[in-house]
Amino acid sequence: MKKQTKLLVVVLAVVMLVSVFALAACGETSKFTTKRAYGLVHGKGYVGNATVEVDKDGSLVSAKLDEACFPSQVKLTAEDTAKLNEGEYGTVSGKHGDSTVYAKVKVGSIVFELDTTAKAYKVSGKTLEEYFADAAACEAYYTAVENNDIYVTVKGVETAGVITKADLLKTQNGYWTGVTTGAQGWGTNAMATCHYVMEYGFGATSFEKGDKFFQDNNGVSTGATWTDFQDYFNLLKAAFNK
């Protein structure tokens, strides 16, 4: 009986020790606050997400960027369209020419419908620029993409798995991976932008292109080459200021 009592005491001691470590770990994690901001970026053609962490003193401890493309990112081949009913695909016009896309895509509660006359997607009768001018709409879209809550109308049925977050999130879909005419790819520019704000914060008021990289109004290089640096800086700043 005494052996059982001693064993119970040991077990309880181990449980208490594990609990202490668990609480300590939770305490370590909870000292950082995560903040996010959403909005249109890069010519208002994509939904950007900026996520930052700040410590209890309000100092920036981490920053990251991602973007969700719209369903027009997914281009269809003749083999793809052969599996659809007439009217379930159509043409969108973009800066790189026309592309064949799905006619109706539901992302969360947001329904993209192809306007065949305008050769563009619309949501609730509005252009994407009009509809996603609201940050709340951007957040709803990005969150739905992140959760793979995406349905495409195929043979009259809303079908999951046809388009996934791997197709739409720039951190996963291989968007602009190479280096062209001296410009860095998307991932390198995102990393450089986040590194800049970690190092120098949000005090800069403007940015301009230097010999290679964009630099702030104090002459500090950002290490980034993308022309819409201001978009991403503003989004990170909005997240930080929440």
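**Entry 1: the turns around strand 8**

I started at the hairpin that strand 7 and strand 8 form, with 4 residues between them, where Lys119 in the turn has a positive phi of about 55°. Strands here are DSSP runs (E, at least two residues) and helices are too (H or I, at least four), numbered from the N terminus.

Before going on, I noted that this is a predicted model, where local features need pLDDT of at least 70 and side-chain atom pairs count only at pLDDT 80 or more, while totals for chains, interfaces and linings use all residues. Residues are numbered from 1 along each chain as its sequence is written, and side-chain values use heavy atoms, with hydrogens and water left out.

Strand 7 covers residues 110–115 and pairs with strand 8 in the antiparallel sense over 3 bridges; pairing takes at least two DSSP bridges between the strands. I found Leu114 opposite Tyr121.

Then I followed strand 8 into strand 9 (residues 126–127), and that pairing is antiparallel as well, over 2 bridges. Val123 has Lys126 as its bridge partner. This hairpin has 2 residues between its strands, and Ser124 in the turn has a positive phi of about 55°.

Lys122 is partly exposed at 26%, and Asp115 forms a salt bridge with Lys122, with the closest N and O atoms 3.1 Å apart. For a salt bridge, a side-chain nitrogen of Lys or Arg must be within 4 Å of a carboxyl oxygen of Asp or Glu.

**Entry 2: the core**

Tyr121 turned up again among the residues with the most contacts inside the largest nonpolar core, which has 61 residues. Such a core is a set of buried Ala, Val, Leu, Ile, Met, Phe, Trp, Tyr and Cys residues joined through side-chain atoms within 4.5 Å. I looked up Val105 too: not counting residues up to four places away in sequence, Val105 touches residues including Phe112, Tyr121 and Ile150. Contact means heavy atoms within 4.5 Å.

**Entry 3: a longer link**

Glu67 and Lys170 form a salt bridge at 2.9 Å. Glu67 sits in strand 3 and Lys170 in the loop between helix 5 and helix 6, so the pair ties together parts 103 residues apart in sequence. Both Glu67 and Lys170 are buried.

Note on methods
Buried < 20%, exposed > 50% of the residue type's maximum accessible area, 1.4 Å probe, protein only.
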